[in-house]
Amino acid sequence: MVGHEVIIGYSFWGFLGPGITDTPDGGRSHRCPLVDAMAARGHRLIFLQADRDRLEAGDDLGDRYTFDAGLPELDVLFLEWRWSIPGRNTTPCGMPGHTCDLHRQEELLDQYTVKQGTPTIIWDKDRQLPVDDPWRRWPGVAVCEAALAPTPGATRLLFPVDEALLDAADPQGLAAHPRPLGLTYVGNQYDRDEAFETYFAPAAPRVLHQVAGKWPGARRWPDVCFGGRIPFTEVPALYRSALATVLLLPRRYAVVGQMTQRIFEAALAGCLPLTPAAIHAAHRFTPRCLHVRDGRDVVALVGELRRIAGGAAHTQLISDCLRKLDLFRLSRQADALDAVLSRLGGAAHAAGGGH
């Protein structure tokens with residue numbers, strides 16, 4: 001399939017641009033680079049969910065992208081997997097608060113995957129597709145996961161970091177930047193209570209810090225400074241103001257080595273990502289000297305970073321973290337996706353299909 005233009009119908013519920021503040025879309029830091037990389041490789045992408053950039057954020061992105069609310073002709077269906085969220089996408093269409101992402105996904109799967117036998121890629125970015133889900137065994141369906149140890153039968157497709165940003169990063173300049181905060185965290189509470197209780201909350205009373213994101217349970221941690229959600233465009237500045245962050249993962253991510261985009265958002269801003277040692281293959285993500293076992297380790301490391309801030313050792317640590325990001329490099333992830341497209345294309349032709 002790869003080698004000529006592949007028409008990819010891409011279904012995602014989120015934004016390509018900065019979007020709006022009150023939304024939990026972590027894909028904004030890596031979706032657009034991946035889309036642009038696939039287009040640069042000669043593929044044509046058609047977006048099949050609502051154009052939320054235009055409808056909600058008032059941003060048409062210069063008409064760079066094509067959205068289609070119908071059922072256009074496709075070679076491949078590519079889904080950022082959506083799941084049932086009671087009271088939101090499980091309610092009848094038109095009800096207050098309803099989002100139609102799940103209904104649209106069901107329509108796409110029924111039309112393309114089931115009726116037409118269109119090769120389909122499911123990118124289970126949130127680890128919400130059950131191990132025994134029938135789609136994992138459906139003919140012509142490939143499941144991708146952003147984990148170092150994906151579910152058996154699934155393919156690794158990590159969240160990509162824009163290599164232009166990675167290659168342009170200046171460790172010395174980042175180390176020299178003033179960092180009044182010892183610690184920050186950018187992200188939402190979703191399933192992170194255990195990690196937060198272990199690593200961040202115990203350190204908070206002893207370190208100047210700031211947490212940005214949606215934390216409905218904030219009252220449980222009176223010593224933590226929660227600032228609520230901030231615009232996506234303000235995230236780099238918050239990271240640049242802090243010496244370190246902690247990579248807080250839901251347990252279902254940690255046990256398989258699924259790292260979120262927060263690692264490169266932080267490292268590119270020179271905010272060192274302290275990494276729970278219990279995360280699967282933690283050494284693949286950051287240097288071992290940044291691994292922590294509890295809140296005491298976090299406090300100790302932040303203190304050490306404050307001591308070396310701006311110097312050669314600080315610069316070297318930032319450089320080491322940036323080098324580790326090669327794992328997420330955009331070209332690597334585009335290659336991985338192209339390999340899946342080739343495999344699906346070969347299977348389709350063997351079965352007598354193909355565009």
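**Burial, Cysteines, Pocket and Cavity**

Reader: The cover over the buried residues of α12 (312-324) includes α4 (163-168), α5 (171-176), β10 (242-246), α9 (262-267), β11 (272-276) and α11 (295-308). Which residues of α12 are buried?

Author: In this predicted model, local features need pLDDT of at least 70 and side-chain atom pairs count only at pLDDT 80 or more, whereas totals for chains, interfaces and linings use all residues. Numbering runs from 1 along each chain as its sequence is written, and side-chain values use heavy atoms, with hydrogens and water left out. Helices (H or I, at least four residues) and strands (E, at least two) are DSSP runs numbered from the N terminus, and buried means under 20% relative accessible area, with exposed over 50% and partly exposed in between (1.4 Å probe, protein chains only). The buried residues of α12 are His314, Thr315, Leu317, Ile318, Ser319, Cys321 and Leu322.

Reader: What distance does α12 reach from its first C-alpha to its last?

Author: The helix has 13 residues, and its expected span is 18 Å at 1.5 Å a residue. That expectation is 1.5 Å times one less than the number of residues.

Reader: How many disulfides does the count give?

Author: A disulfide is a covalent bond between the sulfur atoms of two cysteines. The criterion applied here is a pair of cysteine sulfur atoms within 2.5 Å. By this rule the number of disulfides is 0.

Reader: How far away is the cysteine sulfur nearest to Cys271?

Author: Cys271 takes part in no disulfide, and the nearest cysteine sulfur is that of Cys321. Cys271 counts as buried because its relative accessible area is 0%. The distance from Cys271 to the sulfur of Cys321 is 9.8 Å.

Reader: Which cysteine has the sulfur nearest to that of Cys321?

Author: Cys321 is likewise in no disulfide, with the nearest cysteine sulfur 7.5 Å away. Cys321 is buried because its relative accessibility is 3%. The nearest sulfur to Cys321 belongs to Cys289.

Reader: Which residues are the closest to the centre of the second largest pocket?

Author: On a 1 Å grid over the protein atoms alone, a pocket is an open set of points with protein on both sides within 12 Å along at least five of seven lines, a cavity is a set where a 1.4 Å probe fits but cannot get out, and lining residues have an atom within 4 Å of a point. Grid points are joined across faces, edges and corners, and a volume is the space filled by probe spheres set on the points. The volume of the second largest pocket is about 560 Å³. Of its 23 lining residues, the closest to the centre are Ser29, Leu165, Phe232, Pro236 and Leu268.

Reader: How many charged residues are in the lining of the second largest pocket?

Author: At least two lining residues are supplied by each of α1 (31-40), α4, α7 (235-240) and α9. By class, Ala, Val, Leu, Ile, Met, Phe, Trp, Tyr, Cys and Pro count as nonpolar, Asp, Glu, Lys and Arg as charged, and the others, Gly among them, as polar. The lining has 15 nonpolar and 3 polar residues, and the number of charged residues is 5.

Reader: Which helix gives the largest share of the lining of the largest cavity?

Author: The count finds 1 cavity of 30 Å³ or more, and the largest cavity holds about 30 Å³ of space. Its lining consists of Ile8, Tyr10, Leu34, Val35, Met38, Leu45, Phe78 and Leu337, which by class are 8 nonpolar, no polar and no charged residues. Both β1 (7-11) and α1 supply at least two of the lining residues. The largest share, 3 residues, comes from α1.

Reader: Which residues of α1 are buried?

Author: Helix α1 is mostly covered, with 7 of its 10 residues buried. After α1 comes Gly42, whose phi is positive, near 100°. The buried residues of α1 are Arg31, Cys32, Pro33, Leu34, Val35, Ala37 and Met38.

Reader: Which residues are in contact with Ser11, leaving aside its neighbours within four places in sequence?

Author: Ser11 lies in strand β1 and is buried because its relative accessible area is 0%. Ser11 and Gln49 are 38 residues apart in sequence and 5.5 Å apart in space, C-alpha to C-alpha. Contact means heavy atoms within 4.5 Å. With those neighbours set aside, Ser11 is in contact with Gln49, Phe78, Leu79, Glu80 and Leu108.
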